[in-house]
Amino acid sequence: MRPEPAPHTSPTALPGYTATARIDDLRATEYRHLDRDGQVYLDYAGAGVAAQAQVREHHDRLLAGMYSNPHSENPTSAAAGSLVESARHAVLDFFHADPAEYAVVFTPNASGACRLVGEAYDFGRASPFVLTWDNHNSVNGIREYARRSGASARYVPLSGPELRVAESDLVTVLDAGRGGLTGWWGRTGRRGLFAYPAQSNFSGVQHPLTWVELAHQRGYDVLLDAAAFAPTNRLDLSVVRPEFVCLSWYKLFGYPTGVGALLARRDALARLRRPWFAGGTIRAVSVQGDWHRSMDDESAFEDGTLNFLSIPDVEFGLRWLDSIGVDLVHSRVGLLTEWLLERLTTLRHDSGRPLVQVYGPTTGAGRGGTVTFNLRHPDGTVVDERLVARESAAAGFALRTGCFCNPGAAEGAFEISRASIRRRLLARVDTIDQYLAALRLPTGGAVRVSFGLASTATDAERLVAFVQSTYLNRGVGTGAPLPPRQRC
């Protein structure tokens, strides 16, 4: 554990910060567009930022050759297909995945990868769906597929103010109704699916990767959501071997958008049964014979024409990130996160009350570079996150407000009980504001800032200065009306 920084010390004074100086050099060259117009980008959990080199490479490649639909066999199609296959190999190399064991399915995003698993997994009464509270909605939505197949969907709760999952609770839920590890319920019998995020997109909590093997020992396949984890952390699939991994490439390195991936163990992929087929996914099909034969590899899951002009950018992005060093990015993000948490949690109004309430871990241990919090008035009441959204935007900050498509983590953070939800939502509610009123919540979400590949000490310092100058000792005001909340 690094020494705690002294109050008001710049992050640049932290031990180890100078070792990450290459990121400052890149910020001044490849990412200098981040500093135009005085803005501060703090939403890396929402999207990474593209380097100028990535844009140049895309431009140069498109002008240097001709590429067309890889489903044909002409030279331009072959050129596109070759680049797509090269990108598959680059993905496997980056995650140290054996090509004989893992396949890469290109999808529109991580959500698309989750949907592929959910719609095709062999759920049933003997193969439940288990997931932690703090999953993204793209994972939560798999429960609808499970229930449609007669499977139960069981959640593992969050525990304590750090919003972590107790391993004992996980084991209890995994083992529920299974009678241990022997007999027909073992790995050779019916399976279930366990899904969890390697890193919570709400609290930044990093859940143990050892849970993959823990679930395997209890007969489960594992879906690991790595969308928030992979941009700043190493994921080695030669060591951790989940059946399915979901990713969005723009979260790792900003560009391209519209391309994600499902990394799947080939034996698990072969067990999926898709409820439909599309162009590019079948070997042969007959209208009159009412018959089709699916492809035997990952292309059976790649519907229609792949984004063949952008998928090659994934390979360049991975090489770009690798050249910088994921470990270097991890170190920089960790330093900034620890410094920010220390500064935010020590801010006090003259009333003695804290200005900031952090949801999740308040130190750098076992967490990533996502920090979620609410601001409070001197009397302890919450500053409406819509007001923070308005004022931070006016001050040039790109951050996130709301509940971040993670209702379970929000329910844990705001201490909303299951009984309260069931009792108070019996009446019809049509809007988010009615929902909040029914639950008697003072606000509809929180403020989230997140660091990434190109973050600097100045970004963190400017955020703290803005929070302190704008909200410290500021009472409840009347101000301009806030817009209604549209969704969560």
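**Exercise 1.** How many bridges join strand β9 to strand β10, and do these strands run parallel or antiparallel?

*Solution.* The model is a predicted one, in which local features need pLDDT of at least 70 and side-chain atom pairs count only at pLDDT 80 or more, while totals for chains, interfaces and linings use all residues. Residues are numbered from 1 along each chain as its sequence is written, and side-chain values use heavy atoms, with hydrogens and water left out. Begin with the elements themselves: helices (H or I, at least four residues) and strands (E, at least two) are DSSP runs, numbered from the N terminus. Strand β9 covers residues 282–286 and strand β10 covers residues 291–294; four bridges join them, and they run antiparallel. Finally, look at the hairpin of β9 and β10, where four residues lie between the strands and Asp290 takes a positive phi near 50°.

**Exercise 2.** Work out the strand order of the open sheet, and then name its edge strands.

*Solution.* Two strands pair if DSSP finds at least two bridges between them. With this rule, seven strands form an open sheet in the order β2-β8-β7-β6-β5-β3-β4, and the pairing is mixed. The edge strands, each of which pairs on one side only, are β2 (102–107) and β4 (153–156). As a further step, follow β2 to strand β8 (residues 260–265), to which six bridges join β2 in an antiparallel run; here Thr107 has Gly260 of β8 as its bridge partner.

**Exercise 3.** Describe how helix α12 meets helix α17, beginning with the axes and ending with the residues.

*Solution.* Axes are lines fitted to C-alpha atoms, for helices over the stretch in contact, and angles run from 0 to 180 degrees between N-to-C directions. The axes of α12 (residues 326–346) and α17 (residues 457–471) come within 10 Å and cross at roughly 15°, which means that α12 is roughly parallel to α17 (angles under 35 degrees count as such). For the contact (heavy atoms within 4.5 Å), α12 supplies Leu336, Trp339, Leu340 and Arg343, whereas α17 supplies Ala457, Ala460, Glu461, Leu463, Val464 and Gln468.

**Exercise 4.** Which residues of helix α13 and of α17 meet?

*Solution.* Helix α13 spans residues 385–394, and the axes of α13 and α17 come within 12 Å, crossing at roughly 115°. On the α13 side the residues are Leu387, Val388, Glu391 and Ser392, and these meet Phe466, Thr470 and Tyr471 in α17.

Definitions and conventions:
Parallel < 35°, antiparallel > 145°, perpendicular 65-115°, else oblique.
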